[in-house]
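The sequence and structure come first.

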Amino acid sequence: MAIDPTQPFVPVILGGDIGTYTLAREFYEAYGVRSVVLPAAGNGVIEHSVAIELRPIGSMADESRVVAALADLADELAADSARPLMLFGSLDFHIMLIAKHRAQLEAHFVIPYPELEIIEAAALKENFYALAEQLAIAHPRTAVYHPGTELEAMAKDFTYPVIGKPSSSADWIAAKFEGKQKIHTINNRAELEALLSRIDGSGYTSGYILQEYVPGGDDAMRLCTYFATQDGKVIFAGYGEVVIEEHAPLVLGNSAAIVTGQNDQMAADGARMLEELGWRGIAMIDAKYDHRDGQIKFFEINPRLGRNHFYLTAAGVNPARFYVTEFLGADFDNSDPHTDAVVETAAGVLQLRREQLFTVLPHHLLRRFLDSGTGRKAAVLLKAGKVSNPLKFSAEKNPRRKLYLVLNAVNHYRKYKKFPPRAL
């Protein structure tokens, strides 16, 4: 089903994961508009959706080809209407592609992301940690490895285990080596040398972060999504506490369940950092609570909505409305801006008022992982029915979506059986 020519604007989304589907769902819920989604290939999470027109475009490794495809799509969508088109990316790679080719793409699309230099100042983790140090924002002790770096001088003060992760998530996609993971836990010097040797031969040339391990399980992980206006003022911070993460290698570290809440330290520190950068639009910061000193340690900025950002919509704050009111204007969103889903706080920004449980897991499976402080919060919300799953959308009527939900649930059971949460 093609996009209705009377639709007032069209979201165009690069990607094909659950975050892609969620954003399309949010636009559909808020405005009744369908999104054009451009994945490399179709898959169950984005196929047969009432909210999506699917246009697979193959590999996105050739950026010039992707830009040309976007320009052709824009010409098609605007053929009988002057309506605005908004361009989004689901992964860091997509955001960097959009930012690098902004001059060409802005001729066709509204781009709700900062300029390339601002994104690079935040998205490259080594830059992020330097800024955190400058602003006296709590973060783990960090060193950066580049090929040719003298390892002896860098590693002499390490206390194992050490966490290893790429400075550039976008560049990491192309790195190929046996045992590659999103995040590596390194237990001794021999493991460190072996890993760095494999990285050196993988084609990855950006910095590789080696970082103090902050103790604690999945339930110590924290995240916060921030909205910044076009003049660089952060107006909202949506805080969440992770209940359980995924542990399969390719999705390691992705949140599978989140409890919403408020935290003035994370809200204020993140707002301060983003305003220092001159951010505009949405960003998400990952962090971890350190029980040793009671501080939340910042890990990284994602220059986009997170994969599991539906915790915001579940708590009453649909980010699609922010994009439209801020980047398209009041003519496209005349809804009442006042909502009881947010509250003014001492952090100087609006925060979520409601406690809500977000999860992509079957409830029976989730109940196995609630033996923690955050888990007990989740148990209360689960019992009260204050729980939301982005894939369970009543507007979806295609029976193949229902089949996908069943298969997806079965797959979660398989993944957690094969890759259970790590013991601490």
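## Terms and model

Two strands pair if DSSP finds at least two bridges between them. Helices (H or I, at least four residues) and strands (E, at least two) are DSSP runs, numbered from the N terminus.

The model is predicted: local features need pLDDT of at least 70, side-chain atom pairs count only at pLDDT 80 or more, and totals for chains, interfaces and linings use all residues. Residues are numbered from 1 along each chain as its sequence is written, and side-chain values use heavy atoms, with hydrogens and water left out.

## The sheet

Strand β6 (residues 162–166) runs antiparallel to β7 and is joined to it by three bridges. Ile 163 has Thr 185 in β7 as its bridge partner.

Both strands belong to an open, antiparallel sheet of four strands, ordered β5-β8-β6-β7. At its edges are β5 (142–145) and β7 (184–186), each of which pairs on one side only. On average, neighbouring strands are turned by 30° against each other, direction ignored.

## Helices across the sheet

Axes are lines fitted to C-alpha atoms, for helices over the stretch in contact (heavy atoms within 4.5 Å); angles run from 0 to 180 degrees between N-to-C directions. Helix α6 (residues 125–134) lies across β5, β6 and β8 (208–212), at about 45° to β8. Helix α9 (residues 189–200) lies across β5, β7 and β8, at about 140° to β7.

## Gln 351

Gln 351 is in strand β15 (residues 350–352). Beyond four places away in sequence, Gln 351 touches residues including Phe 236, Asn 263 and Val 342.
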